[in-house]
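Subject: Structure for you to look at

Hello,

Here is the structure I promised you. Please open it and keep it on screen while you read my notes.

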Amino acid sequence: MIEQSHRSLVKAFSWRVTGTIDTMIISFLVTGRLQFAVSIGLIECFTKIALYYMHERVWNKLSFGRVSTV
């Protein structure tokens, strides 16, 4: 089974939304400032979507841990 690149992009986006909410909550708990928490969350959201997408595509090319069902 081969995953198409748009699947990786959707997975990256959905995971990043979850991660960004987590980052905003932690940032707010640490700083006590909502504006800082939102700023940190938005910045890391975009950088980590790109990083996750690249990471997913590299792993999709590797055969490590895969077994053929044929």
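Start with the length of helix H1. H1 has 27 residues, which should span 39 Å at 1.5 Å a residue. Its end C-alpha atoms are 37 Å apart, so the two values agree. Bear in mind that this is a predicted model.

**Between the helices**

Look just after H1. Gly32 takes a positive phi of about 75° there. Arg33 is found in the loop between H1 and H2. Arg33 is partly exposed, with a relative accessible area of 45%. Now find Lys61. Arg33 and Lys61 are 28 residues apart in sequence. In space, their C-alpha atoms are 42 Å apart.

**How the helices pack**

Which residues of H1 are buried? They are Ser8, Ala12, Arg16, Gly19, Thr20, Thr23 and Ser27. H2 is part of what covers them.

Turn to H2. Its buried residues are Ala37, Gly41, Glu44, Cys45, Ile49, Glu56, Arg57 and Asn60. They pack against H1.

Take Thr20, which lies in helix H1. Thr20 is buried, with a relative accessible area of 7%. What does Thr20 touch, not counting residues up to four places away in sequence? The answer is Gly41, Glu44 and Cys45. Gly41, Glu44 and Cys45 are among the buried residues of H2.

Next, Ser8. This residue is also found in helix H1. Ser8 is buried, with a relative accessible area of 0%. Leave aside its neighbours within four places in sequence. Ser8 is then in contact with Glu3, Tyr52, Tyr53, Glu56 and Arg57. Check Arg57 in particular. Ser8 and Arg57 are 49 residues apart along the chain. Their C-alpha atoms are separated by 7.2 Å.

**Salt bridges**

Side chains of opposite charge can pair when their charged atoms come close. How many salt bridges does the structure hold? It holds two.

One joins the side chains of Glu56 and Lys11, at 3.0 Å from N to O. Glu56 lies in helix H2 (residues 34-61) and Lys11 in helix H1 (residues 5-31), so the pair ties together parts that are 45 residues apart in sequence. Is Glu56 buried or exposed? Glu56 is buried, with a relative accessible area of 13%. The cut-off for buried is under 20%. Lys11 counts as partly exposed, at 27% relative accessibility.

In the other, the side chains of Lys48 and Glu44 meet at 3.5 Å, N to O. Lys48 and Glu44 are four residues apart in helix H2, so about one helical turn separates them. Lys48 is partly exposed, with a relative accessible area of 37%. Glu44 is buried, at 8%.

**The largest pocket**

Rolling a probe the size of a water molecule over the atoms shows where empty space is left. In this model, the largest pocket holds about 160 Å³ of space.

Which residues line the largest pocket? They are Met1, Ile2, Glu3, Glu56, Trp59, Asn60 and Arg66. By class, the lining has three nonpolar, one polar and three charged residues.

Last, look at Ile2. It sits in the segment before H1. Ile2 is exposed, with a relative accessible area of 77%. Ile2 and Thr69 are 67 residues apart along the chain. Their C-alpha atoms are separated by 13 Å.

That is the tour. Go through it once with the structure open, and send me your questions.

Best wishes

Note on methods
Residues numbered from 1 in each chain as written. Predicted model: local features only at pLDDT ≥ 70, side-chain atom pairs only at ≥ 80, totals over all residues. Heavy atoms only, no water. 1 Å grid on protein atoms, 1.4 Å probe; cavity = no way out; pocket = protein on both sides within 12 Å on 5 of 7 lines; lining within 4 Å. Points joined across faces, edges and corners; volume = space filled by probe spheres on them. Nonpolar A, V, L, I, M, F, W, Y, C, P; charged D, E, K, R; others polar. Salt bridge = Lys/Arg side-chain N within 4 Å of Asp/Glu carboxyl O. Helix = DSSP H or I, 4+ residues; strand = E, 2+ residues; numbered from the N terminus. Buried < 20%, exposed > 50% of the residue type's maximum accessible area, 1.4 Å probe, protein only. Contact = heavy atoms within 4.5 Å. Expected span 1.5 Å × (residues − 1).
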